[in-house]
Amino acid sequence: MKDMRILIVGGGIGGLTSAIALCRKGYDVEVIERDPDWSVYGVGIIQQGNVIRAMTELGLIDDYISAGFGFDRVQVYIPTGQCVADIPTPRLVEGYPGNVGIGRRALHKVLGDRAREAGADIRLGITISTLVDDGEGVAVTFSDGSSGIFDLVIGADGLYSQTRGMIFPDAPKPEFTGQSVWRYNFKRTPDVIGLQAYEGQTGIGLVPLSDELMYMYVTTPEPGNPWYAKEDLASTMRSKIAHVPSPAIQALVGQITEDDEVVYKPLEWMFLEGAWHKGRVVLLGDAVHATTPHLGQGAGMAIEDALVLADELVKADTLDAALTAYRDRRFERCRYIVESSRAICFGQIGKGPLVDNAEATRDMFMKVAEPI
């Protein structure tokens with residue numbers, strides 16, 4: 001258990017934080033990532049106090065904070081632009097903010113640089129071709145013809161996880177919610193110093209990313225999961241919020257001009273109710289509990305997964321005990337985030353009762369403040 005060779009499939013947020021956590025525990029870690037360019041979306045992400053606490057534990061809090069924009073409150077608005085709730089958010093680490101807005105590319109650079117510094121071997125443009133677990137180790141052949149034997153394989157390869165498909169071929173598939181999200185970057189306006197979230201069937205948020213930059217997310221009903229041509233993305237996004245009367249939102253509509261800068265994504269979810277591991281292969285992050293972004297905790301849950309998995313591997317006497325304990329510690333917390341986020345989504349599009357965003361946000365902050 002102390003000298004394991006570990007393969008991580010997926011070089012995203014969950015995979016990289018897992019690599020850092022495991023290298024810090026003294027394990028031999030290899031990461032493979034299918035994208036040869038290791039590219040990420042150019043928009044941002046919201047991360048709350050539990051992530052700041054996790055980054056402190058990972059030993060990279062100052063790099064992380066300096067790459068983003070810290071804030072300590074969430075404001076909830078109605079479409080007219082009237083603020084109806086101003087929610088102070090708890091600080092879980094003394095001397096650091098309660099939340100951070102950070103560009104995905106900035107976060108990716110921090111995590112990638114620190115994973116390599118910690119000793120992880122990261123290989124790009126590589127996928128698994130075959131995976132054979134004989135109980136003593138996992139023999140893996142890769143798409144470039146290379147191979148290796150590992151004591152543990154971690155599937156951190158996202159919503160459509162290849163690893164999940166290999167070990168749990170009958171697992172439920174990701175399910176489209178009926179809603180999608182649009183994202184776009186802007187020059188930050190002076191009043192956006194924290195998350196400004198607009199309620200309604202069209203949900204909108206403004207999130208600071210740095211002194212100069214912020215991004216807007218827009219959630220919209222998309223019955224039938226339509227496809228939008230790349231060359232129409234900017235005009236379509238403008239049309240989705242043209243009816244919103246808030247002066248602050250209307251001041252930004254005309255700035256949505258670059259099709260290549262619009263990030264559009266149908267919102268899907270999945271949650272694996274059964275085991276999260278089979279033999280020497282285990283799943284984390286979106287591969288096992290993909291959530292919609294309504295509570296801003298998708299990446300946070302993956303980061304926490306990474307810390308808990310590393311912790312249990314050090315504590316346990318056997319691999320099966322470690323992987324079972326990891327799942328037991330994470331199951332209810334991750335289920336809460338998936339189900340609460342989905343409830344907000346369904347309420348916005350009329351597939352369920354309308355959820356009070358301010359109340360749901362307060363409840364979430366209390367939940368994630370609990371120890372992991």
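Predicted model: local features only at pLDDT ≥ 70, side-chain atom pairs only at ≥ 80, totals over all residues.
1. Residues are numbered from 1 along each chain as its sequence is written, and side-chain values use heavy atoms, leaving out hydrogens and water.

2. Have a look at α10, residues 319-348. Helices here are DSSP runs of H or I, at least four residues, and strands are runs of E, at least two, numbered from the N terminus. This helix bends by about 40° at F331 (the angle between axes fitted to the seven residues ending there and the seven starting there). Just after α10, G350 has a positive phi of about 80°.

3. What does F331 pair with? Its ring and that of W276 have centres 6.0 Å apart and planes at 40°, so the pair is tilted. Rings of Phe, Tyr and Trp (its six-membered ring) pair with centres within 6.5 Å; planes under 30 degrees apart are stacked, over 60 edge-to-face, the rest tilted. W276 sits in the loop between β17 and β18, 55 residues from F331.

4. Both rings belong to a cluster linking F271, W276, Y326 and F331. W276 is buried at 0% relative accessible area, and F331 is buried at 7% (buried means under 20%, exposed over 50%, partly exposed in between, with a 1.4 Å probe and protein chains only).

5. Elsewhere, Y228 and Y264 make an edge-to-face pair, 5.3 Å centre to centre with 85° between the planes.

Notes
Expected span 1.5 Å × (residues − 1).
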